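This report is meant for someone meeting the structure for the first time.

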Amino acid sequence: MTSTTDRQDGKANVLKTDVAIIGGGPSGLLLAWRLTLDGISSVIIERQSVEHVQGRIRAGVLEQGTVDVLTRAGLGQRLETEGLRHGGFALALDGRVCRIALDALTGRHVTVYGQTEVTRDLMAAHFDARTKMHHDVSDVELHGLETETPHVTFAKDGELWRIDADFIAGCDGFRGPSRLAIPADQRDEFQRDYPFGWLGILADVPPCREELIYASSEHGFALASMRSPTRSRYYIQCRADEPLEEWPDNRLWDELKRRLGSDVAATITPGPAIEKSVAPLRSFVCETMRYGRLFLAGDAAHIVPPTGAKGLNLAVGDVHYLATALSAYYRRGTELGLDRYAEAALRRIWKTERFSWMMTALLHDFADEDAFAKRMRAAELNYIFSSHAAQASIAENYVGLPFEDVLA
Ligand code: APR
Ligand code: PHB
């Protein structure tokens, strides 16, 4: 482990570490934590404040593989006691409901535990371990990626900083600088923007059902989800630029009831919103995820629409592969895992992109959809409702595809 030492070098403060991590969201925090456990030093730099990072509301369904990775990293304590184990979820079409029995179909389950809580658990572990984290940084730039001595520069409180590292991990989300540091002719980007968004509401009311419901209705898509037995999370499909002020709580609850159907509506407890927001839906993949000594992980390399709750799970998969590869490099001097990282991660990412895209296409109303396309969607849902094989395929993807061994 290279010790992390600070020194002055001309005008910049210089930090030396094994891995410089750009972005302190779930990907950056988990990578730093896995490296710490293996005696590899890292420094995280994050554009936002600690409060901002810990307050962000995101999805809340963890695959079993994600829970295993977090638990093996010693982060499973609160997850174990507060996480809700779900052995199934429902698909609904105009009020008719079909349960996808995850446990019976796959022998696996998912755990409902908010990304906000995962982030808090990671931050708590880092605070205890006194990990070097710099929040509220700006002007982050990556240098020397093709060399064995890459470095990152940034500014904080009016001072210039430089991190000298063996590797740089780009964990800085869709809008961060890392992906753009790969020359344009060395990366291919694939993107689909959907002609709608999701309007989400978080409220301290009991969930309407014990399991999640993804509903397609003549009025558009709706999702009934939760965070705990006393906190509910609901979404409706809306315009990508839907003005929030046009959705007072009462209107949103009425719309949810209309879309989820009368049986479910009867069990909905409305209450004041503690958070309400609109998010656009997008699919995106960057090929490659490696350039020289730079490795991308999480939203920096790919985005999925939330139908299927794969965003955080994919990020955890990337970080698992990357941490495994870096550990093998520092412990055994092998670059095998690093050389395999991008291809292995992308194989899993594309399959998960397909599932998220399929679920999105299946359940949402598309403005340009003609009568035939609408019938095809209904027929596909009806087929799923009646087919064990179709349900098994959805269940297999929903609980999460297996990890490869990047070192094998
Ligand atoms: N410098 C430093 N940090 C930056 C910069 C920058 N220029 N740009 C962005 N960041 C930070 C963001 O502020 C954010 O905290 O990088 C972090 C990236 O975090 P996320 O966007 O949460 O991405 P990731 O950690 O890969 O987590 C993936 O989070 O966004 C969800 O749906 C996504 O659930 C998935 C998970
Ligand atoms: C959520 O609870 O926020 C959630 C659940 C399932 C999804 C997306 C979001 O597919």
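Leaving aside neighbours within four places in sequence, which residues is Ile 21 in contact with? With contact taken as heavy atoms within 4.5 Å, Ile 21 touches Gly 28, Leu 31, Ala 32, Leu 35, Ser 42, Val 43, Ile 44, Ile 45, Ala 169 and Cys 171.

The model is predicted, so that local features need pLDDT of at least 70 and side-chain atom pairs count only at pLDDT 80 or more, whereas totals for chains, interfaces and linings use all residues. Residues are numbered from 1 along each chain as its sequence is written, chains are lettered from A and ligands numbered from 1 in the order in which they are written, and side-chain values use heavy atoms, with hydrogens and water left out.

**The nonpolar cores**

Ile 21 is also one of the three residues, with Leu 31 and Met 289, that touch the most other members of the largest nonpolar core, which holds 73 residues. Such a core is a set of buried Ala, Val, Leu, Ile, Met, Phe, Trp, Tyr and Cys residues joined through side-chain atoms within 4.5 Å, where buried means under 20% relative accessible area, exposed over 50%, and partly exposed in between (1.4 Å probe, protein chains only). Helix 9, residues 311–332, gives the most to this core, with ten residues; helices (H or I, at least four residues) and strands (E, at least two) are DSSP runs numbered from the N terminus. Apart from this core lies another, of 34 residues, among them Tyr 214, Met 358, Leu 362 and Ala 390. In soluble globular proteins, nonpolar side chains tend to be buried together.

**The two ligands**

Around ligand 1 there are 22 residues, counted when a heavy atom lies within 4 Å, and the closest are Ser 27, Glu 46, Arg 58, Gln 115 and Asp 299. Helix 9 returns here, giving the most to the shell around ligand 1, with three residues. The residues of this shell divide into seven nonpolar, nine polar and six charged.

Ligand 2 has 14 residues around it, of which Tyr 214, Ser 225, Arg 227, Tyr 235 and Pro 306 come nearest. Strand 17 supplies the largest share of the shell around ligand 2, three residues.

| Ligand | Residue and part | Distance |
|---|---|---|
| Ligand 1 | Ser 27, side chain | 2.7 Å |
| Ligand 1 | Glu 46, side chain | 2.6 Å |
| Ligand 1 | Asp 299, side chain | 2.8 Å |
| Ligand 2 | Ser 225, side chain | 2.6 Å |
| Ligand 2 | Tyr 235, side chain | 2.5 Å |
| Ligand 2 | Pro 306, backbone | 2.8 Å |

The protein covers 100% of the 280 Å² of accessible area that ligand 2 has on its own, and 88% of the 690 Å² that ligand 1 has on its own.

**Gln 64**

Gln 64 lies in helix 3, residues 64–72, and counts as buried because its relative accessible area is 17%. Leaving aside neighbours within four places in sequence, Gln 64 is in contact with Arg 108, His 109 and Val 399, and its side chain reaches the backbone nitrogen of His 109 at 2.9 Å. Gln 64 and Pro 402 are 338 residues apart in sequence, yet their C-alpha atoms are 9.7 Å apart in space.

Key. A polar contact is a pair of N or O atoms within 3.5 Å; within protein, one must be able to donate a hydrogen and the other to accept it, and residues adjacent in sequence count only if both atoms are side-chain atoms. Accessible areas come from the Shrake-Rupley method with a 1.4 Å probe; for residues, only the protein chains shown count as cover. Ala, Val, Leu, Ile, Met, Phe, Trp, Tyr, Cys and Pro count as nonpolar, Asp, Glu, Lys and Arg as charged, and the others, Gly among them, as polar.
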